[in-house]
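Subject: Structure handover

Hello,

Please find the structure below. My notes on it follow.

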Amino acid sequence: MAATMNAESPAPQAAVLRPQAAAGRDAFGRFAAYVEAEIGVRLPPSKRMMVAGRLRRRMAELGFATLDDYIRHLFRDGALDAERTEIFDAVTTNKTDFFREPTHFRHLSDSALPEAIARRRGTRQPVKLWSAAASTGAEAWTMAICAAEHARATGPFDWAILATDINTRVIRDARRAVYPDPMLAPVPPDLRERWVMRGREGQSGQSRIVPELRRHVRFAQLNLLDASYPLERDIDIVFLRNVLIYFSSEEQARIVGRVAGHLAPGGILYLGHSESMIGQGAALAQIAPATFRRVD
């Protein structure tokens, strides 16, 4: 209706476009508010082009030419529930590497795993590890390599890894456990030889984590903003790294508190090195850089 009124009243071209542009900003603002409320990811106006690019395939599938058309479909046509997974997959960032922040994996092998094995001795329960922002799986598979190497060096023990993420696409990739060879470059050659299968013929240039490790790791979707997590409360080791920076300070504190509540007494929590201050409190004591122990 605004366009019709403008057409009847002479006005500069900029004045014709201004209401439409404002409507676009309002639509994206509503979309951004929904995303932040649901999963904590903040989308300032500067992220609009990124979001449009990541949703381009989905918009084309549904026949929408612009992001504003898609957003109107979400809110006016009641499509939010149907599109939740597509939206969350599009707006989440999934940077990950094997052996990222290697001091954590040295601590895992030298301290956290031996302590957890001692704590589990005689319980008939496995050492429980959780990769809480797993992305495409590099962190979880690095944890698995460390556990398998520890068993190889000191004797077998039972262990299990749960790896979770909000993004269903990266969970699917992580579960498949196939990676381009350059991504596996940080894995030391002797460990690649033992725990990675090189692709042949049509799969040349790609490698897959061996079945022996894949049997120990389970992947599932989980939203860290959920009020509670459907997990056991005696997890020995948690990696919650390089994801808290995407949340507000209030949400960071709530997430760390909830995650700490799932740690066994004496269990270890690893945060990203840029997130170390977030771990203060929540019944946690810092014992090394970005490394915390549950103390209550």
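Start with helix α5, residues 67-76: 7 of its 10 residues are buried, so the helix is largely enclosed by the rest of the structure. Keep in mind that this is a predicted model. The buried residues of α5 are L67, D68, Y70, I71, H73, L74 and F75. Just after α5 comes G78, with a positive phi of about 70 degrees.

Helix α6 (residues 80-91) packs against α5. The two axes are 9 Å apart, at an angle of about 135 degrees. That makes α5 oblique to α6. On the α5 side, the contact is made by Y70, L74 and F75. On the α6 side, L80, E83, E86 and I87 make it. By type, the contact residues divide into 5 nonpolar, no polar and 2 charged.

R58 belongs with this region. It sits in helix α4, residues 56-62. Its relative accessible area is 18%, and the cut-off for buried is under 20%, so R58 counts as buried. Leaving aside neighbours within four places in sequence, R58 is in contact with Y70, E83 and E86. Y70 is on the α5 side of the α5-α6 contact, and E83 and E86 are on the α6 side. R58 and H73 are 15 residues apart along the chain, and their C-alpha atoms are separated by 12 Å.

**The α7-α8 packing**

Next, helix α7 (residues 102-120) and helix α8 (residues 138-154). Their axes come within 10 Å and cross at roughly 60 degrees. That makes α7 oblique to α8. The crossing is right-handed. From α7, the contact uses F105, L108, S109, L113, P114 and I117. From α8, it uses E139, T142, M143, C146, A147 and H150. These residues divide into 8 nonpolar, 3 polar and 1 charged.

L113 deserves a look. It lies in helix α7. L113 is buried, with a relative accessible area of 0%. Not counting residues up to four places away in sequence, L113 touches L108, V127, L129, C146, A147, H150, F157 and I237. Among them, C146, A147 and H150 belong to the α8 side of the helix contact. L113 and Y270 are 157 residues apart in sequence; in space they are 13 Å apart, C-alpha to C-alpha.

H107 is also in helix α7. H107 is buried, at a relative accessible area of 16%. Which residues does H107 contact, leaving aside its neighbours within four places in sequence? They are A112, I268, Y270, I287 and T291.

**Aromatic pairs**

I count rings as a pair if their centres lie within 6.5 Å. By this rule there are 10 aromatic pairs. One is F99 with F105: the centres are 5.6 Å apart and the planes are at 65 degrees, so the pair is edge-to-face. Both F99 and F105 are buried. Another pair is W141 with F219, which is tilted, at 5.6 Å centre to centre and 55 degrees between the planes. W141 lies in helix α8 and F219 in strand β6 (residues 217-221), so this pair ties together parts that are 78 residues apart in sequence. Both W141 and F219 are buried.

F99, F105, F239 and Y270 form one aromatic cluster. F105 is part of the α7 side of the α7-α8 contact. Y270 is among the contacts of H107.

**The whole chain**

How many helices and strands does the protein chain have? It comes to 12 helices and 10 strands. The C-alpha trace spans about 85 × 55 × 30 Å along its principal axes. Of the 296 residues in the chain, 48% are buried. Take contacts between residues at least 6 apart in sequence: 70% of them join residues at least 24 apart.

Best regards

Methods
Residues are numbered from 1 along each chain as its sequence is written. This is a predicted model: local features need pLDDT of at least 70, side-chain atom pairs count only at pLDDT 80 or more; totals for chains, interfaces and linings use all residues. Side-chain values use heavy atoms; hydrogens and water are left out. Axes are lines fitted to C-alpha atoms, for helices over the stretch in contact, and angles run from 0 to 180 degrees between N-to-C directions. Helices (H or I, at least four residues) and strands (E, at least two) are DSSP runs, numbered from the N terminus. Angles under 35 degrees count as roughly parallel, over 145 as roughly antiparallel, 65 to 115 as roughly perpendicular and the rest as oblique. A crossing is left-handed if the near helix is turned anticlockwise from the far one by less than a right angle, and right-handed if clockwise. Contact means heavy atoms within 4.5 Å. Ala, Val, Leu, Ile, Met, Phe, Trp, Tyr, Cys and Pro count as nonpolar, Asp, Glu, Lys and Arg as charged, and the others, Gly among them, as polar. Rings of Phe, Tyr and Trp (its six-membered ring) pair if their centres lie within 6.5 Å; planes under 30 degrees apart count as stacked, over 60 as edge-to-face and the rest as tilted. Buried means under 20% relative accessible area, exposed over 50%, partly exposed in between (1.4 Å probe, protein chains only).
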